[in-house]
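I opened the notebook to look up a few things in this structure. Here is what I went through, entry by entry.

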Amino acid sequence: MKKPILAVVTLAAFAFCPLWAQQQKPQGDMPSMSDSEMHDMPGIGNDGSAHAMHSMEGRHMDMGPHMKMTTMRDLKPGDQEKAEHIVETARNVAEKYRDYKVALADGYKILLPNLPQKQYHFTNYWYGFEASRSFNPEHPTSLLYEKQGDGYKLIGVMYTAPKTFTWAELDQRIPLSIAQWHAHVNLCVPPADKRREMWGPNPQFGLQGSITTKEACDAAGGKFVPQIFGWMVHVYPFEQKPEDVWSVERQAHNHMD
C-alpha cells in the first residue's frame with residue numbers, strides 16, 4: 001500500500017532529528033563532499049535541514065539561543081510507572097533492531113549515511129507521521145546507532161512530537177518529571193551564495209550562527225525558521241541508571257567529532 005504523500009511532507013517539516021544543541025563547530029568544510037553533493041543534501045537549498053543535521057552534532061548541551069528544552073517537573077503519581085513502561089517497550093524495540101539490517105528491512109532509512117557522525121539516525125518516515133497524531137512507544141521515529149566497522153551498533157531510540165505541542169501535551173507522552181524534550185530554534189538559513197559560510201568559523205547563519213532573530217536574519221538576506229523539526233527525546237534503554245537512560249548530555253555528546 002502506498003504511503004500518502006502527506007506523510008513525507010509532514011516529516012520534512014518536523015520529524016527529523018539528530019538533533020541537539022549548541023554544538024562544537026566542525027573543523028572547516030565538510031571533507032570529501034563537493035558543492036553539488038552538499039547542495040543535494042536535504043534542506044541545504046531550502047530550509048537548512050541538512051546543515052541542522054550536521055551542526056547540531058556536538059559535545060555539550062548548551063541552552064543557548066538556538067536551543068529550547070522542557071524543564072524538569074515534580075514527580076506525579078503514575079509518572080514513574082509510565083516511564084518504566086516506555087523504557088521497557090523501547091528496550092524490546094531495541095532488541096529487535098540490534099541488527100541494523102532488520103531495521104532497514106522494516107522501513108528505517110539512514111539519515112545522511114555518508115556524513116561522519118557519532119550517532120546515526122535510522123528514521124522511519126511513516127512512524128514519524130504517526131507520531132504527529134498519536135504516541136506509540138513501539139514505533140520510535142528514529143533508531144540511534146553508532147558506526148562499528150562496516151556495520152552499526154544500536155544504542156537507543158528517539159521519539160518525536162509536533163512542534164505545536166504544549167508542554168502539557170509532551171508530558172502526556174513522556175512525563176516531564178522523568179525526561180527533557182528538546183527542540184531547535186532560531187535558525188537563519190543563508191541565501192544560496194552564502195551557504196558555505198554555515199560550515200566555516202564564526203558563522204552568522206545556521207544553528208551555530210550569531211543570528212538569532214528574524215530581523216537580523218532578514219537584514220542578512222536569509223530565511224528565518226523559528227523552529228526546525230519538532231520536539232525530540234532520546235531514550236537509551238540498555239543503560240541501567242535512569243539518568244543514563246534519559247541522558248540529555250549524551251544526545252549532544254555522542255554525535256560527531
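Before the first entry, I need one definition: a polar contact is a pair of N or O atoms within 3.5 Å, and within protein one of them must be able to donate a hydrogen and the other to accept it. I also remind myself that this is a predicted model.

**Entry 1: a histidine in a loop**

I started with H66, which I found in the loop between α3 (49-55) and β1 (67-69). Is H66 buried or exposed? I got 2% relative accessibility for H66, and because buried means under 20%, H66 counts as buried. Next I asked which backbone oxygens the H66 side chain reaches. One belongs to N186, at 2.9 Å. Another is the backbone oxygen of G209, which lies 2.7 Å from a polar atom of the H66 side chain.

**Entry 2: the disulfide**

How many disulfides does the structure hold? I found one. It joins C188 to C217, with an S to S distance of 2.1 Å. The link is right-handed, with 85° about the S-S bond. It connects distant parts of the chain: C188 sits in strand β6 (residues 182-189) and C217 in helix α8 (residues 214-219), 29 residues apart. I checked burial here too, and both C188 and C217 are buried.

A general reminder to myself: in soluble globular proteins, nonpolar side chains tend to be buried together. The largest nonpolar core here has 33 residues, and the members touching the most others are F122, L143, Y145 and W246. Two or more residues each come from α4 (79-96), α5 (100-105), β3 (120-123), β4 (142-148), β5 (151-161) and β7 (223-235). The largest share, six residues, is given by α4.

I then looked up what W246 is in contact with, leaving aside neighbours within four places in sequence. My list reads A83, I86, V87, I174, I178, A179, V233, H234 and V235.

**Entry 3: the whole chain**

Last, I stepped back to the protein chain. I counted ten helices and seven strands. Of its 257 residues, 53% count as buried. The accessible surface comes to about 11900 Å², and carbon and sulfur atoms hold 52% of that. Among contacts with a separation of 6 or more, 72% are between residues 24 or more positions apart.

Methods:
Residues are numbered from 1 along each chain as its sequence is written. This is a predicted model: local features need pLDDT of at least 70, side-chain atom pairs count only at pLDDT 80 or more; totals for chains, interfaces and linings use all residues. Side-chain values use heavy atoms; hydrogens and water are left out. A disulfide is a pair of cysteine sulfur atoms within 2.5 Å. Helices (H or I, at least four residues) and strands (E, at least two) are DSSP runs, numbered from the N terminus. Buried means under 20% relative accessible area, exposed over 50%, partly exposed in between (1.4 Å probe, protein chains only). A nonpolar core is a set of buried Ala, Val, Leu, Ile, Met, Phe, Trp, Tyr and Cys residues joined through side-chain atoms within 4.5 Å. Contact means heavy atoms within 4.5 Å. Accessible areas come from the Shrake-Rupley method with a 1.4 Å probe; for residues, only the protein chains shown count as cover.
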